[in-house]
Amino acid sequence: MLAGLMASVMLVSGCAGGGSKETGSDPNKPVTFSWLVYDRVEGKVRDDWEIFKVLEEKTGVNVDFQIVSQEGLEEKRQIMIATNTATDFIQVPTQDGREHGPEKVFLNLNDYLDIAPNIKAFYEQYPEAKALATGTDGGLYTIPVLEGDAEGKGFNFVWYARKDIMDKHGIEAPTTLDGFYEYLKELKQLYPDSYPLISNTIVGDTGLYTTFGRIFTGVNGFYSQLPESDEYAFAPYHENYKPMLEFLNKLYAEKLLDPEYSLLTQAQWEERILTGKSLVTYFWKADLESLTVKARGAGTADYELDAIPSIAADGIKNYQFSRPVVGTVGRAISAKVKDKERAVKFLDYLVGEEGGNYLSLGIEGKTYTMENGQALYNSEFGESPFNTLRKDWGVWYDMITLNNAKSRAAWEQGLSEKSKDINARYEAYIVPAPKQIVKTEEELELEKSKLNNLNKFLEQKVTEFVTGKTPINDETYQRFIDQAKKLGSDELLEMYNTAYKRTYSK
């Protein structure tokens with residue numbers, strides 16, 4: 001194994017902006033590689049994290065972190081790509097890897113697979129990752145970060161509700177769309193100053209329009225694959241989209257939906273959930289228990305959030321997508337790295353089980369233990385171990401780890417019985433997330449020229465329908481559809497389906 005091969009190697013030189021100072025590829029000499037990162041809110045990047053001392057002992061590689069702010073990350077990354085001055089190791093959108101790799105900005109890993117058995121095995125195990133890493137010249141330019149388990153069971157979101165209030169008044173959780181409406185009405189009657197339903201955003205994973213689009217049409221957002229086919233669909237074309245608008249308009253008119261839902265900041269959303277101004281929401285399951293603790297600490301002693309069932313309209317599959325197996329970003333090596341073979345071998349070690357465990361789990365006995373063959377983070381790290389792991393250990397740290405799925409599995413092994421129960425209750429709703437698609441330059445140009453304007457129009461017009469600014473009838477809805485078509489909805493739909501079939505037809 002590579003670890004054994006390099007165990008005796010020590011460290012030396014460094015370079016901040018485009019290559020190590022070490023020349024040649026002598027495995028008996030130390031080497032330093034630069035690596036672009038940003039400081040997370042949980043804790044700043046440190047140069048004394050123990051896992052990197054261990055990695056140094058194992059591989060002879062010292063990592064020189066080049067740190068930027070989270071706000072400045074994207075600009076810094078784009079400048080590096082545009083000027084071909086990337087750090088030796090850098091995380092980029094896989095699209096950037098495919099686009100700029102052939103321009104000799106990133107190293108073609110395909111040329112080194114004979115010395116990188118873990119990377120070779122990775123591409124064989126994850127064909128989607130290989131598709132996302134492959135440039136137009138056939139080269140492989142990134143190691144896409146893994147996000148979800150290969151079986152497509154892990155998931156992120158649940159419906160929250162105030163269990164203490166439901167228990168106090170003997171309210172049953174709704175299981176149908178009509179029941180959900182009656183449920184909100186009952187909460188409003190009991191707490192007339194509240195707006196029972198709240199959303200922290202209108203689009204995105206937890207957005208109101210995303211969530212109810214899925215409930216009414218089966219389409220997760222404006223565009224997505226359908227859960228039981230490889231076909232992409234455009235939600236407003238579905239016969240249930242107009243009824244969705246009518247339903248949300250009814251909630252808005254009857255003050256069952258927060259009237260400022262389309263304008264809320266994350267802080268305002270949280271304040272209303274914690275103080276009882278709102279009672280039901282759809283959000284990250286990982287935050288449910290911490291929000292409960294926060295509310296109790298603020299003085300509501302009986303406060304308790306719990307998950308309520310997922311719902312769907314009649315005839316629509318009741319589902320949510322799992323976490324994607326493969327993410328949208330990947331680790332790349334600069335084409336200008338001085339010692340290419342050492343860089344590839346180091347990346348290969350990090351892709352392998354031993355190196356990957358250091359980045360995703362930490363050090364056995366110090367950050368995690370193995371129980372019944374499963375990694376489990378130390379109990380003293382609490383319900384949200386990622387805070388301590390990132391701050392004090394550099395583990396599960398964005399732009400460093402390559403396998404978030406492994407970290408999430410270890411975290412969920414240590415969940416409370418309540419959280420495990422929620423996972424079990426939602427298991428029946430979870431279906432594997434769609435695989436990502438690789439677009440041609442022409443398709444990217446089409447998306448760039450059409451999608452942003454279309455999305456802005458959809459968000460604005462749907463908000464006008466929901467808030468009553470535009471009445472909902474056959475005429476206004478047809479005008480809505482006609483304008484969406486003028487803005488490119490048909491062209492984009494055809495492009496997504498064509499790109500998906502081309503990406504995975506082999």
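A: A charge sits over a ring if NZ of Lys or CZ of Arg is within 6 Å of the ring centre and within 35 degrees of the ring normal. Here Lys461 lies over the face of Phe465, 5.9 Å from the ring centre. Arg390 is placed over the face of Trp396, at 5.0 Å from the ring centre. This is a predicted model, where local features need pLDDT of at least 70, side-chain atom pairs count only at pLDDT 80 or more, and totals for chains, interfaces and linings use all residues. Residues are numbered from 1 along each chain as its sequence is written, and side-chain values use heavy atoms, without hydrogens and water.

Q: How many aromatic pairs does a search of the whole structure find?

A: Rings of Phe, Tyr and Trp (its six-membered ring) pair if their centres lie within 6.5 Å; planes under 30 degrees apart are stacked, over 60 edge-to-face, and the rest tilted. The search finds 41 aromatic pairs. One of them is edge-to-face: Tyr209 and Tyr261, 6.2 Å centre to centre with 75 degrees between the planes.

Q: Are Tyr209 and Tyr261 buried or exposed?

A: Buried means under 20% relative accessible area, exposed over 50%, and partly exposed in between (1.4 Å probe, protein chains only). Tyr209 and Tyr261 are both buried.

Q: Why does Leu113 count as buried?

A: Leu113 is buried because its relative accessible area is 18%. Contact means heavy atoms within 4.5 Å. Leaving aside neighbours within four places in sequence, Leu113 is in contact with Ile119, Lys120, Tyr123 and Leu140.
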